[in-house]
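Reader: Could we go through this structure together? I would like to discuss its contacts one topic at a time.

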Amino acid sequence: MSTTEAEHREEEDAPAGEDEDTGAQVAPIVKLEEVAVSTGEEEEDPILDLKAKLYRFDKDGNQWKERGAGTVKFLKHKVTGKVRLLMRQSKTLKICANHLLVPAMTVQEHAGNEKSCVWHARDFADGELKDEFFCIRFASIENCKKFMETFQEVAESQNQEENKDASAAASLLENLSVEGKTDADKKDEEKPESKTVGKESSLEKEKTDTEKKSEEPASSA
């Protein structure tokens, strides 16, 4: 066998390379359909969105324990106007903080660290309301200040919203009271009229009976 024939046969017997397109088409064994995933944030608008690391104070161990690192958000509901703080872990998206911002809340700088701040809250991250003492740490002092300023502004605005709701409720009660009084007045006005009508009917009846008696002929002796 000549050298040329041997080289040609080696090329035919050589396996196809990994990058070589053989033209074969392989259909997927299972076809997956797209599924819409709800985050629970669809009806809310983000006010703040920052990267941070969250800690909670463990009373039993008397120490800070890390809750997770991720994104902390302030979310305002489009209908109610209520604002909540929501934080998820960056990789697993597990919720590590989830609570409303209410007027009674205050936030303050953590002693000795300008990049951290602390606050108390009734948190619902674990599926039940718990009193928690949180500490959050940011990558910069600017982000920490931004978080604290927004926190306080939102808390004050929620106080104004509550005052508006209270005023609206008081106004509604006042209107209902006025309407009830008006209805009662109307009933009181109707009652004398009905008595007067009854009185007039009685007088007319007596008058008719008197006329009838006068028209009757006198009995013969």
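Author: Let us begin with a definition: a disulfide is a pair of cysteine sulfur atoms within 2.5 Å. The model is a predicted one, in which local features need pLDDT of at least 70, side-chain atom pairs count only at pLDDT 80 or more, and totals for chains, interfaces and linings use all residues. Residues are numbered from 1 along each chain as its sequence is written, and side-chain values use heavy atoms, with hydrogens and water left out.

Reader: How many disulfides does a search of the whole structure find?

Author: The search finds zero disulfides.

Reader: Is C117 buried or exposed?

Author: C117 counts as buried because its relative accessibility is 0%. The terms work as follows: buried means under 20% relative accessible area, exposed means over 50%, and partly exposed lies in between, with a 1.4 Å probe and protein chains only. C135 is buried as well, with a relative accessible area of 6%.

Reader: Let us turn to the rings. How many aromatic pairs are there?

Author: A search of the whole structure gives ten aromatic pairs. Rings of Phe, Tyr and Trp (its six-membered ring) pair if their centres lie within 6.5 Å; planes under 30 degrees apart count as stacked, over 60 as edge-to-face and the rest as tilted. One of the pairs is W119 with F147, which is tilted, at 5.6 Å centre to centre and 45° between the planes.

Reader: Where do W119 and F147 lie in the chain?

Author: W119 is in strand β6 (residues 116–123) and F147 is in helix α2 (residues 141–215), so this pair links distant parts of the chain, 28 residues apart. Here helices (H or I, at least four residues) and strands (E, at least two) are DSSP runs, numbered from the N terminus. Both W119 and F147 are buried.

Reader: And what about F147 and F151? Why is that pair tilted?

Author: Their planes stand at 55° and the ring centres are 5.9 Å apart, so the pair is tilted. F147 and F151 both belong to helix α2, where they are four residues apart, about one turn of the helix. F151 is buried, with a relative accessible area of 0%.

Reader: Which residues do ring pairs link into a cluster?

Author: The cluster consists of F74, W119, F134, F138, F147 and F151.

Reader: Which residues touch the most other members of the largest nonpolar core?

Author: They are V72, L85, W119, I136, F138, F147 and F151, out of 25 residues in that core. At least two residues come from each of β1, β2 (63–77), β3 (83–89), β4 (95–100), β6, β7 (130–137) and α2. The largest share, five residues, is supplied by α2. A nonpolar core is a set of buried Ala, Val, Leu, Ile, Met, Phe, Trp, Tyr and Cys residues joined through side-chain atoms within 4.5 Å.

Reader: Now the charges, please. How many salt bridges does the structure hold?

Author: The structure holds eight salt bridges, each being a side-chain nitrogen of Lys or Arg within 4 Å of a carboxyl oxygen of Asp or Glu. Among them is the bridge between K73 and E41, at 3.4 Å from N to O. K73 sits in strand β2 and E41 in the loop between α1 and β1, 32 residues apart.

Reader: What else does E41 form a salt bridge with?

Author: E41 also pairs with R88, the closest N and O atoms being 3.2 Å apart. R88 is in strand β3, 47 residues from E41 in the chain. Both E41 and R88 are buried, whereas K73 counts as partly exposed because its relative accessibility is 23%.
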